[in-house]
Amino acid sequence: MIFLKTDDEIELLRASNLLVGRTLAEVAKVIRPGVTTKELDKVAEEFIRDNGAVPTFKGFPNPYGAPFPASICTSVNEQVVHGIPGDIVLHEGDIVSVDCGTYMNGFCGDSAYTFCVGEVSAEIRQLLKVTKEALYIGIENAVVGKRLGDIGYAIQAHCESHSYGVVREFVGHGIGKEMHEDPQVPNYGKRGYGTALKKGLCIAIEPMITLGDRHVVMEQDGWTVRTKDRKCAAHFEHTIAVGTGSADILSSFKFIEEVLGDSAI
Ligand code: MG
Ligand code: MG
């Protein structure tokens, strides 16, 4: 069941999502060779709680095992999504996707950004650039009068034109009082097909794009998803409200990119 949001509800979603953007910027400040993903999680959890919100990922149930133990997902290199922060040390040349969720005033925020650790190869920087472009191309299609398939088609076409893989097993989602609401928002699709996009529809669009083959496997921990061929993957996510003429992006990379400066992709 799809819950369309009122303008007031969209403002509450925006507040929660802006906090996610600011939290990711705090994490950006400490990403460097030598830092562990557990340290990133600590920074994020403290910042979220200091701002009167709750990290939605912490304790998130898993039908196949233990609930998620941390406040952010940190997915390094071949890890695609849902990596668990721990003793993994980031090295020069790595990439790390940081996915963050907040719950504040009854509404959820959800956004992700893939960061470079020090200097990263041109091949991998290009993967990040194209994945971020694909996110924005998807968002351009999140307008009244289009359908969900138009979003997926646009993302898929852009990434596949660069010979990248589009992960199928994990998708974006509706968002509101719950982090995961209907509808599912695949990063692949057919133009003109799927749910009609209406004003008040709020969704998280999150392309998960691979340098090699698109197939993924789940690690033993029951959470971490990695590429089968162990080539790198990128992940960028915004929460948006479908609009007339253009979508309203409720999360923000502005704070992150102020921290990254000229090194931003
Ligand atoms: Mg997310
Ligand atoms: Mg999401």
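Predicted model: local features only at pLDDT ≥ 70, side-chain atom pairs only at ≥ 80, totals over all residues.
Residues are numbered from 1 along each chain as its sequence is written, chains are lettered from A and ligands numbered from 1 in the order in which they are written, and side-chain values use heavy atoms, with hydrogens and water left out.

Let me start with the metals. The magnesium ion (ligand 1) is coordinated by Asp-99 through two entries labelled OD, by Asp-110 (OD) and by Glu-237 (OE), at 2.0 to 2.5 Å; donors here are N, O and S atoms within 2.8 Å of the metal (3.2 Å for Na, K and Ca), and since water is not among the atoms, sites may look incomplete. In sequence these donor residues follow the spacing D-x10-D-x126-E. Asp-99 lies in strand E4 (residues 95–104) and Glu-237 in the loop between E13 and E14, so this pair ties together parts that are 138 residues apart in sequence; helices (H or I, at least four residues) and strands (E, at least two) are DSSP runs, numbered from the N terminus.

What links the two ions? Asp-110 bridges them, and the ions lie 3.1 Å apart.

As for solvent, Asp-99 counts as buried at 6% relative accessibility, and Glu-237 is buried with a relative accessible area of 0%; buried means under 20% relative accessible area, exposed over 50%, and partly exposed in between, with a 1.4 Å probe and protein chains only. Asp-110 is buried as well.

Turning to the strands, E4 and E5 pair in the antiparallel sense over 10 bridges, where pairing requires that DSSP finds at least two bridges between two strands. Within this pair Ile-95 stands opposite Cys-116 in E5, and in the hairpin, which has 2 residues between the strands, Asn-105 takes a positive phi near 50°. Strand E5 is largely enclosed by the rest of the structure, because 9 of its 10 residues are buried.

Elsewhere, 3 strands form an open sheet with antiparallel pairing, in the order E3-E12-E11. Its edge strands are E3 (79–81) and E11 (216–218), each pairing on one side only. E11 and E12 (residues 225–227) are joined by 3 bridges, and Val-216 stands opposite Thr-227 in E12.

Finally, the packing. The largest nonpolar core has 54 residues, of which Ile-31 and Ile-205 touch the most other members; such a core is a set of buried Ala, Val, Leu, Ile, Met, Phe, Trp, Tyr and Cys residues joined through side-chain atoms within 4.5 Å. Helix H3 (122–140) is one of the elements that each supply at least two residues of this core, and the largest share, 7 residues, comes from H3. Apart from this core lies another of 14 residues, among them Ile-10, Met-179, Cys-202 and Ala-241.
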